[in-house]
Structure formats: C-alpha cells, structure tokens
Amino acid sequence: MFEVILMGKGGRPRIYKTRAALQKAVDGYFDGISYLKPVMVLTPTGEVDAQGTPKIELRLLREGRNNDGPPITALTYFEPPSMEGLCLKLGISRDTWATYGKTPELAPVVEAARLKKAAYLVGELSGKHVQGIIFDLKNNYGWVDRQEVTQTSVGMTVEEYLAQMDEREEGQEF
C-alpha cells in the first residue's frame with residue numbers, strides 16, 4: 001500500500017493534507033476571535049414602583065412563542081476576521097491559501113471561510129464608517145454598484161425620428 005502526499009508550492013508537503021484537518025484549523029481561527037453572546041432584552045414585569053413607573057428587567061431572550069426554548073445567541077467578534085489573520089493562524093501564505101481554494105478537496109473549506117468573513121462585513125455595514133468595508137466587498141467578494149437607467153418616450157418611433165432628420169437635412173444647404 002502507498003500513501004499519497006499532497007504537495008504545496010516548491011514541492012513541500014502541505015501542512016493541511018485533508019479537508020477535515022483544514023476545517024479544524026479554520027474553525028479554530030474563527031472560534032479564537034469570537035464568542036456566542038446571549039441576547040438580552042428589556043422586558044416589562046407588569047408591576048409598577050412606588051412612583052407608578054412600570055418596572056422593567058433585563059431578561060434572556062429565548063426561542064419559541066412563549067420564550068421557553070433555548071437561549072438565542074449572537075455571534076460576536078472581539079477581533080475582526082481577516083484573511084491575513086487566518087493565514088497567520090494556519091501558518092501558511094496567502095498564495096498557499098489561494099492554492100487550497102483551487103484544490104477540489106479543500107475548496108469548500110476555503111469558500112466557507114470566505115463566506116464567514118463576508119457575512120461579518122455585511123453585518124458591519126450598519127456602522128458609521130463603511131467605505132473600507134464596501135471597498136473590501138467590491139474587490140474581494142464580487143459586489144458591484146448597480147446603476148439603473150430609465151428611458152422615457154420622446155413621443156415618436158425611431159423610424160419617425162430618422163425620417164424627420166432626413167427631411168431636415170434635405171432642406172439645409174451645406
């Protein structure tokens with residue numbers, strides 16, 4: 001029996017030889033820069049204080065119509081995800097990461113990591129300074145500005161317009 005060794009650039013063996021190994025390392029990067037934060041909401045208690053002001057308390061938001069399901073959490077990053085940070089964590093270059101993206105076995109992991117970063121960026125679009133985020137989305141994720149052109153009628157067909165132009169040209173001397 002023989003072993004197939006996937007080679008990287010320059011003939012060196014790849015650090016991540018399987019999809020599972022790369023996925024574990026990528027998950028480790030994202031898990032290391034984020035956490036799940038319980039979603040808390042201000043909820044009226046139905047009681048009032050001595051001054052007649054409704055009492056409000058902070059409660060954990062839960063799934064379900066009766067708020068009795070599992071807690072709802074929000075993924076929170078304490079460090080913005082970046083391809084550079086990911087490559088540093090994995091111990092590879094961006095060129096190697098790009099090569100992994102072209103390898104059929106590893107490409108799904110690369111694409112999933114790209115989508116995670118893009119999802120983070122889209123979530124950040126509600127902030128004040130979004131020019132850099134928009135630049136990143138356009139240059140690395142295929143986003144484009146869409147322009148819509150509305151054409152209004154000029155009251156005649158193209159043929160009528162051309163005939164009118166021909167009539168004008170016949171009456172003019174050059």
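**Exercise 1. Find the buried residues of α2 and state what they pack against.**

Step 1. List the buried positions. They are Met 83, Gly 85, Leu 86, Cys 87 and Leu 90.

**Exercise 2. Is Lys 117 buried or exposed, and which residues does Lys 117 touch?**

Step 1. Lys 117 sits in helix α4, which covers residues 107–123.
Step 2. Apply the cut-off. Lys 117 has a relative accessible area of 7%. Buried means under 20%, so Lys 117 is buried.
Step 3. Collect contacts, leaving out residues up to four places away in sequence. Lys 117 touches Pro 81, Ser 82, Met 83, Asp 136 and Tyr 141.

**Exercise 3. Classify two of the aromatic pairs and locate their rings.**

Step 1. Count first. The structure holds four aromatic pairs.
Step 2. Take Tyr 35 and Phe 78. Their centres are 6.3 Å apart, with 25° between the planes. Planes under 30 degrees apart count as stacked, so this pair is stacked.
Step 3. Locate both rings. Tyr 35 belongs to strand β1 (residues 34–38), and Phe 78 to the loop between β4 (73–77) and α2. The two are 43 residues apart, and the pair links distant parts of the chain.
Step 4. Check accessibility. Tyr 35, at 39%, is partly exposed. Phe 78, at 54%, is exposed because the cut-off for that class is over 50%.
Step 5. Take Tyr 77 and Tyr 120. Here the centres are 5.1 Å apart and the planes 75°. This pair is edge-to-face.
Step 6. Locate these rings too. Tyr 77 lies in strand β4 and Tyr 120 in helix α4, so the pair ties together parts 43 residues apart in sequence. Both Tyr 77 and Tyr 120 are buried.

**Exercise 4. Which residues form the nonpolar surface patch, and which strands supply them?**

Step 1. Name the members: Met 40, Leu 42, Ile 56 and Leu 58.
Step 2. Give the area. Together they have about 440 Å² accessible.
Step 3. Assign strands. β2 (40–48) and β3 (54–60) each supply at least two patch residues.
Step 4. Inspect one member. Met 40 is found in β2. Its relative accessible area is 40%, so Met 40 is partly exposed.

**Exercise 5. Summarise the chain and its confidence.**

Step 1. Count elements. There are six helices and four strands. From the N terminus on, their order is α-β-β-β-β-α-α-α-α-α.
Step 2. Of the 174 residues, 20% count as buried. The accessible surface is about 13500 Å², with 55% belonging to carbon and sulfur atoms.
Step 3. Read the confidence. The mean pLDDT is 86, and 90% of the residues score at least 70. Confidence is highest in helix α1 (residues 19–32), at 97, and lowest in helix α6 (residues 158–170), at a mean of 79.
Step 4. Residues 1–5 have pLDDT below 50. Beyond near neighbours in sequence, this stretch has two contacts in the model. Where pLDDT is low, predicted coordinates should not be read in detail.

Terms used
Residues numbered from 1 in each chain as written. Predicted model: local features only at pLDDT ≥ 70, side-chain atom pairs only at ≥ 80, totals over all residues. Heavy atoms only, no water. Patch = residues over 30% accessible without salt bridge, like charges linked within 9 Å, V, L, I, M, F, W, Y side chains within 5 Å. Areas by Shrake-Rupley, 256 points an atom, 1.4 Å probe, with all protein chains shown as cover. Salt bridge = Lys/Arg side-chain N within 4 Å of Asp/Glu carboxyl O. Buried < 20%, exposed > 50% of the residue type's maximum accessible area, 1.4 Å probe, protein only. Phe/Tyr/Trp six-rings, centres within 6.5 Å; stacked < 30°, edge-to-face > 60°. pLDDT = per-residue confidence, 0-100. Contact = heavy atoms within 4.5 Å.
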